[in-house]
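Let's take a friendly walk through this structure, from its rings to its helices and loops. Please have the viewer open as you read.

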Amino acid sequence: VTFLKEHGFTEETALTMYMSNSYDCYWNTTAEKLRDKMWKAYDNFWNDDRLNKAKQIDLTAQEVYTLASIVHKETAKADERPRVAGVYMNRLNRGIKLDADPTVIYAKKLKENDFKQVIKRVLYVDLTIDSPYNTYKYASLPPGPIITPDLNAIDAVLNYEKHGYYYFVANVENFGYHKFAKTLSQHNANAAAYRRWVNKQGINR
């Protein structure tokens with residue numbers, strides 16, 4: 001705890017010290033040595049170039065990590081992540097709530113203390129969950145990451161795509177990817193098509 005505080009981490013942001021990667025550890029590796037290995041990886045990743053990029057987009061390294069955790073959960077497609085990150089940066093820069101489904105799912109699992117449950121569909125009632133991680137209820141970023149994002153997701157935030165999109169929804173014509181929209185009316189049309197597909201599949205939760 002003292003180590004984390006000395007390096008500017010809170011209880012909520014402690015996970016941001018751990019970078020997703022492969023590490024050599026042995027049966028006799030002490031907790032202190034593992035911590036030092038994790039800190040070295042963190043320090044190496046957050047070089048001057050990445051720290052400068054974070055500063056340019058007005059986010060701390062920990063905030064970049066938190067946003068990357070949302071981007072990571074939104075799409076597994078590495079080539080789409082900079083565009084998704086761009087949507088969230090557009091919303092952050094205009095003071096618009098992120099309205100990110102993965103944060104609602106995390107808030108629900110955290111509230112019910114059940115991280116094994118599988119949630120394929122976010123319901124309207126879920127959007128009312130009173131949690132600082134629920135970005136449908138509270139503006140700005142959640143207090144910490146919702147998962148450990150991979151390095152690609154972090155770099156996607158640091159190098160987010162500049163565009164005019166503010167909305168996106170799953171693309172049922174190109175699974176794994178999303179349809180992006182600049183206006184709410186366009187997004188509503190895309191979302192309606194997605195809901196029709198979900199209903200047709202019988203996905204209720």
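## Aromatic pairs

Phe115 is partly exposed, with a relative accessible area of 43%; on this scale, buried means under 20% relative accessible area, exposed over 50%, and partly exposed in between, using a 1.4 Å probe and protein chains only. This is a predicted model, in which local features need pLDDT of at least 70 and side-chain atom pairs count only at pLDDT 80 or more, while totals for chains, interfaces and linings use all residues. Residues are numbered from 1 along each chain as its sequence is written, and side-chain values use heavy atoms, with hydrogens and water left out.

How many aromatic pairs does the structure hold? There are eleven, where rings of Phe, Tyr and Trp (its six-membered ring) pair if their centres lie within 6.5 Å, and planes under 30 degrees apart count as stacked, over 60 as edge-to-face and the rest as tilted. One of them joins Tyr106 and Phe115: the ring centres are 5.7 Å apart and the planes stand at 55°, so this pair is tilted. Tyr106 is buried, at a relative accessible area of 17%. The pair of Tyr165 and Phe180 is tilted too, because its planes are at 45°, with the centres 5.6 Å apart. Tyr165 belongs to the loop between α7 and β1 (167-170), and Phe180 to strand β2 (residues 178-181), so the pair ties together parts that are 15 residues apart in sequence. Helices (H or I, at least four residues) and strands (E, at least two) are DSSP runs, numbered from the N terminus.

## Charges over rings and a cluster

Phe180 is buried, at 11% relative accessibility, and Arg83 lies over the face of its ring, at 5.6 Å from the centre. A charge sits over a ring if NZ of Lys or CZ of Arg is within 6 Å of the ring centre and within 35 degrees of the ring normal. Elsewhere, Phe3, Phe9, Trp39 and Tyr42 form one aromatic cluster.

Helix α2 (residues 31-45) has 15 residues and reaches 21 Å from its first C-alpha to its last, close to the 21 Å expected at 1.5 Å a residue; the expected span is 1.5 Å times one less than the number of residues. Which residues of α2 are buried? They are Met38, Trp39, Ala41, Tyr42 and Phe45. These residues share one side of α2 because they cover an arc of only 160° around the axis, the arc being that of the directions from the helix axis to the C-beta atoms.

The buried residues of α2 pack against α1 (2-6), α3 (48-56), α4 (61-74) and α7 (151-158). Contact here means heavy atoms within 4.5 Å. Turned away from the buried side, the other face of α2 carries the exposed residues Lys33, Lys40 and Asn44.

## Helix α5

α5 is mostly covered, with ten of its 13 residues buried. Among them are Arg81, Val84, Tyr88, Asn90 and Arg91. Its buried residues pack against α4, α7, β1 and β2. The end C-alpha atoms of α5 are 18 Å apart, which agrees with the 18 Å that its 13 residues should span at 1.5 Å a residue. Just after α5, Gly95 takes a positive phi of about 70°.

## The nonpolar core

The largest nonpolar core has 40 residues, of which Trp46, Val64, Leu67, Tyr88, Ile154 and Val157 touch the most other members. Such a core is a set of buried Ala, Val, Leu, Ile, Met, Phe, Trp, Tyr and Cys residues joined through side-chain atoms within 4.5 Å. At least two residues of this core come from each of α2, α4, α5, α6 (101-112) and α7. The largest share, seven residues, comes from α4.

Leaving aside neighbours within four places in sequence, Val157 is in contact with Ile57, Leu59, Val64, Leu67, Ala68, Val71 and Ala85.

## Loop residues

Thr75, in the loop between α4 and α5 (81-93), is buried at 2% relative accessibility. Beyond its neighbours within four places in sequence, Thr75 is in contact with Glu80, Arg81, Val84, Gly176 and His178.

Asp58 lies in the loop between α3 and α4, is exposed at 66% relative accessibility, and has a positive phi near 65°. Asp99, in the loop between α5 and α6, has a positive phi near 50° and is partly exposed, with a relative accessible area of 25%. Most residues other than glycine have a negative phi.
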